[in-house]
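Here is a briefing on one protein chain. Please keep the sequence and the 3D view side by side while reading.

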Amino acid sequence: MKDKKSSPDSSGSSSGTPKDSHYARLRRQFRDQKSGGSEQNSQNNRFPKRKPVKGTPAGDGITRLYGLHTVKAALENPRRKIFRMMVTKNALARLELDEATIARLAPEMVEPRDIDALTGSDAVHQGVLIETAALKPRKLQDLKEGSLLLILDQVTDPHNVGAILRSAVAFGADALITTSRHSPQESGVLAKSASGALEIIDQIEVRNLAEAIQELHELGYMTIGLDSEGPQEMEHTLKGDKIALVLGAEGKGLRQKTRETVTALARLDMPGAIKSLNVSNAAAISLYAAQRFLSK
């Protein structure tokens, strides 16, 4: 009995079994992708990606905020002074601004690349940017009526601080206290990570954190420093009706002077193999526990 010979296909190669044909197509696609000569690549080249752009620095006293949630919250904040707004047609429709607001802001209608030129192409601006003055921080003395505060001891990553702001608002904290040095300034990255929370919660900057903690003690706050080696579980340290949670930077943790000044050092009890968390996650968990305690 003679073997059946496979007939050549239109490309000049043997068709073989369906499985062989499948792998032959994959090999051709791989070669085409490497050489840039496939029909699919030719079609994709009709819609080339935007070239990377570095962006430009804002002028003195100018903060650039971008992203739909961030800008929407800023526009609704009466404390926010806005100098300029750039927006695409699509983003303006998604913001759903009334005619009076649009007339007041006089937004510049632009293309996404125009905003890229300011923010850099890595920024997820969603087609909208505003130039504004940074919000003026509140004073420590304004916290007499508060019950839950969050204090950051030299946490420098704006992504982390933005996420912490979001958690602080979600769990009803009255203010976020940071140091004037070794803390991120208000920026588009921080505001985007906060997803609107930057406009809602009061922020307070202090020069000397230990002195500020002492002042909070005089205002009736119990201060709890979160530390992975803390002698007590956090839940067992919660007392009174005014609580301030103190968190340090990842890696360094709380500074020695801060550790010596707080009312208590406590840990988040974690039964798993990993005994430490990202500072923004630790903030969210501790805020939840403190708010549950205060609401009893």
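The points below go from the whole chain to its sheets and then to single residues.

This is a predicted model; local features need pLDDT of at least 70, side-chain atom pairs count only at pLDDT 80 or more, and totals for chains, interfaces and linings use all residues. Residues are numbered from 1 along each chain as its sequence is written, and side-chain values use heavy atoms, with hydrogens and water left out. The chain has eleven helices and eleven strands. Helices (H or I, at least four residues) and strands (E, at least two) are DSSP runs, numbered from the N terminus.

**Confidence**

- The average pLDDT of the chain is 86, and 83% of the residues score at least 70. pLDDT is the predictor's confidence in each residue, from 0 to 100.
- Residues 1–15 have a pLDDT below 50. Beyond near neighbours in sequence, this stretch has ten contacts in the model; contact means heavy atoms within 4.5 Å.
- Residues 35–47 also have a pLDDT below 50. This stretch has five contacts beyond near neighbours in sequence.
- Where pLDDT is low, the predicted coordinates should not be read in detail.

**Whole chain**

- The chain has 296 residues, and 41% of them are buried. Buried means under 20% relative accessible area, exposed over 50%, and partly exposed in between (1.4 Å probe, protein chains only).
- Take the contacts between residues at least 6 apart in sequence: 76% of them join residues at least 24 apart.

**The four-strand sheet**

- Four strands form an open sheet in the order β1-β4-β2-β3, with mixed pairing. Two strands pair if DSSP finds at least two bridges between them.
- β1 (63–66) and β3 stand at the edges. Each has a single partner strand, so one side of each is left without a neighbour in the sheet.
- Strand β2 (residues 82–87) pairs with β3 in the parallel sense, over two bridges. V87 stands opposite M109 in β3.
- Helix α3 (residues 68–75) packs on the sheet and touches β1, β2 and β4 (128–132). Its direction makes about 120° with that of β1. Axes are lines fitted to C-alpha atoms, for helices over the stretch in contact, and angles run from 0 to 180 degrees between N-to-C directions.
- Helix α6 (residues 112–119) lies across β1, β2 and β4, running at about 45° to β4.

- Strand β5 (residues 148–153) is mostly covered, with six of its six residues buried.
- L148, L150 and L152 point one way from β5. L149, I151 and D153 point the other way.
- β5 pairs with strand β10 (residues 243–248) in the parallel sense, over six bridges.
- The bridge partner of L150 in β6 is L176.
- From β5 the chain crosses through helix α7 (residues 158–170) to β6, a right-handed β-α-β crossover. Right-handed means that, with the strands pointing away from the viewer, the path from the first strand over the helix to the second runs clockwise.

**Residues to look at**

- A106 lies in the loop between α5 (99–105) and β3 (108–109). Phi of A106 is near 45°, a positive value in a residue other than glycine. A106 counts as exposed, at 52% relative accessibility.
- Q154 lies in the loop between β5 and α7. Q154 is not a glycine, yet has a positive phi of about 60°. Q154 is buried, with a relative accessible area of 11%.
- Q141 sits in the loop between β4 and β5. Q141 is partly exposed, at 43% relative accessible area. The C-alpha atoms of Q141 and L219 are separated by 8.5 Å, although these residues are 78 residues apart along the chain.
- S167 is found in helix α7. S167 is buried, with a relative accessible area of 15%. Not counting residues up to four places away in sequence, S167 touches A284 and L287.
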